[in-house]
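Try each task before reading its solution.

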Amino acid sequence: MDILLTHGYFLYEDPHELQVMKPYPTLGLLYVASHLKAKGFDVEVFDSTFSSWDAFEQRLRAARPGLMGIYTNLMTKQTVLRMLRLAKVLGVRVALGGPEPPHYAAEYLLAGADVVVIGEGELTLEELIPHFAEQGMAGLDRVRGIAYLDSDGDLIRTPPRPQIPDLSAQPWPDRESIDLERYLQTWQTHHGVRSTSLITARGCPYTCTWCSHSVFGETHRRRSVEDVVNEVAYLVERYRPDQLWYADDVLTINPRWFLQYAAELKRRGLRLPFECISRADRLNPEVIDALAEMGCDRLWIGAESGSQRILDAMKRKADVTDVQVKTKMLQARGIQVGMFIMLGYDGEEVADIEATVEHLKKSNPDVFLTTVAYPIK
């Protein structure tokens with residue numbers, strides 16, 4: 001085996017998620033898997049979601065892969081550190097990727113990682129796998145898009161790797177490498193529908209201060225309409241979902257592309273209920289009508305606050321009144337509205353929280369979720 005890919009999230013160790021039970025696979029990891037397989041590498045994915053630590057340890061001990069790649073975020077950090085310790089004992093090299101490691105590269109490397117991948121993982125791992133097999137830690141300065149510790153223990157960051165220019169030329173996520181049916185059945189059992197996920201683009205050009213851009217940067221690259229529609233058709237035929245989740249940061253960010261996409265889905269006779277995320281300023285009557293015709297069941301808006309002062313401090317580039325207006329427009333077309341609300345943002349006062357309460361009363365979304373602001377680099 002050339003590489004074992006995993007992500008360190010164990011659902012059954014998360015009491016909150018056990019109440020929610022709306023799991024989706026880690027698409028980024030599955031994109032990496034499909035890319036590497038297409039390049040001829042022997043790739044295995046250990047999907048920890050429904051598994052256990054004991055099963056992971058047994059698999060790593062048995063496989064002893066040439067390299068292990070771990071997707072890492074803030075929520076999985078502690079588990080990933082445990083994985084690093086085990087890999088060190090077994091002599092398995094580790095590359096960490098995802099939004100968290102680039103900002104704490106030195107700490108993760110000192111904890112046992114061999115390299116931290118900065119940005120997209122496909123092309124970097126394609127180069128790293130043979131490099132480690134042939135040269136080990138020597139010559140890593142020639143590999144773009146990574147951080148590592150040199151022989152003196154100094155942190156080295158190589159020049160950034162260019163992003164993949166044509167996402168439509170990439171293979172779809174390697175869903176066959178995991179038990180996707182388990183996800184679908186979990187949704188069916190707990191919510192009465194078989195739901196699965198996909199993305200139409202990578203990245204977000206907006207500048208919200210609380211959001212991480214460490215993987216895709218402040219860019220936005222779209223797949224072609226044809227490529228995404230073909231993937232939807234494949235998902236319907238292969239996995240028979242009742243619902244889709246578009247995991248894009250802002251699905252309707254480009255109205256012209258989105259309307260072409262809606263038209264092509266209609267032409268192909270593909271209509272599934274779905275949920276997605278967008279922004280109020282990326283919605284207009286034509287887009288909202290298209291969402292309704294496509295089968296949009298719920299659209300989530302990152303409202304974050306009802307205080308314009310706080311939204312401006314967040315560099316949200318959003319208008320409170322516009323959010324309220326677009327919420328009513330969506331609901332008038334039969335689309336439920338979900339809102340994300342962030343409390344405790346730096347500088348927030350009682351008056352700002354009161355403004356958020358009034359904002360929720362005026363908007364009257366069908367559901368809203370709250371989070372407490374926390375600092376990330």
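**Exercise 1: Placing a proline**

Pro255 has its place in helix 9 (residues 255-267). Helices here are DSSP runs of H or I with at least four residues, strands are runs of E with at least two, and both are numbered from the N terminus. Before going on, note that this is a predicted model, in which local features need pLDDT of at least 70, side-chain atom pairs count only at pLDDT 80 or more, and totals for chains, interfaces and linings use all residues. Residues are numbered from 1 along each chain as its sequence is written, and side-chain values use heavy atoms, with hydrogens and water left out.

Task: state which residues Pro255 is in contact with, leaving aside neighbours within four places in sequence.

Solution. 
- Step 1: apply the contact rule, which is heavy atoms within 4.5 Å. Pro255 then touches Arg282, Asn284 and Val287.
- Step 2: check the exposure. Buried means under 20% relative accessible area, exposed over 50%, and partly exposed in between (1.4 Å probe, protein chains only). Pro255 has a relative accessible area of 23%, so it is partly exposed.
- Step 3: look across the model. Val116 is 139 residues from Pro255 along the chain, and their C-alpha atoms are separated by 36 Å.

**Exercise 2: Helix 2 and its end**

Task: find how many of the twelve residues of helix 2 are buried.

Solution. 
- Step 1: take the dimensions. Helix 2 reaches 16 Å from its first C-alpha to its last, close to the 16 Å expected at 1.5 Å a residue. The expected span is 1.5 Å times one less than the number of residues.
- Step 2: list the buried residues of helix 2. They are Leu27, Leu29, Leu30, Tyr31, Val32, Ala33, Ser34, His35 and Leu36. Nine of the twelve are therefore buried, and helix 2 is largely enclosed by the rest of the structure.
- Step 3: inspect Ala38, which also lies in helix 2. Because its relative accessible area is 59%, Ala38 is exposed. Ala38 and Pro171 are 133 residues apart in sequence, yet 7.7 Å apart in space, C-alpha to C-alpha.
- Step 4: step past the helix. Just after helix 2, Gly40 has a positive phi of about 95°.

**Exercise 3: Salt bridges across the chain**

Task: work out which parts of the chain are linked by Lys37 and Asp174.

Solution. 
- Step 1: recall the criterion, a side-chain nitrogen of Lys or Arg within 4 Å of a carboxyl oxygen of Asp or Glu. The whole structure holds 20 such salt bridges.
- Step 2: find the pair. Lys37 and Asp174 meet through their side chains at 2.7 Å, N to O. Lys37 is in helix 2, while Asp174 is in the loop between strand 7 (155-157) and helix 7 (180-191), 137 residues apart.
- Step 3: Lys37 counts as partly exposed because its relative accessibility is 36%. Asp174, with a relative accessible area of 12%, is buried.
- Step 4: Arg221 and Glu120 form a salt bridge, with their closest N and O atoms 2.9 Å apart. Arg221 lies in strand 10 (residues 221-222) and Glu120 in the loop between strand 5 and helix 6, so this pair ties together parts that are 101 residues apart in sequence. Both Arg221 and Glu120 are buried.
- Step 5: widen the view. A network of salt bridges links Glu120, Glu122, Arg202 and Arg221.

**Exercise 4: A buried glutamate**

Task: decide which side chain of opposite charge is nearest to Glu275.

Solution. 
- Step 1: locate Glu275 in strand 12 (residues 274-278).
- Step 2: assign charges, with Lys and Arg positive and Asp and Glu negative; His and the chain ends are not counted.
- Step 3: survey the surroundings. Not counting residues up to four places away in sequence, Glu275 touches Gln243, Leu244, Trp245, Tyr246, Arg298 and Trp300.
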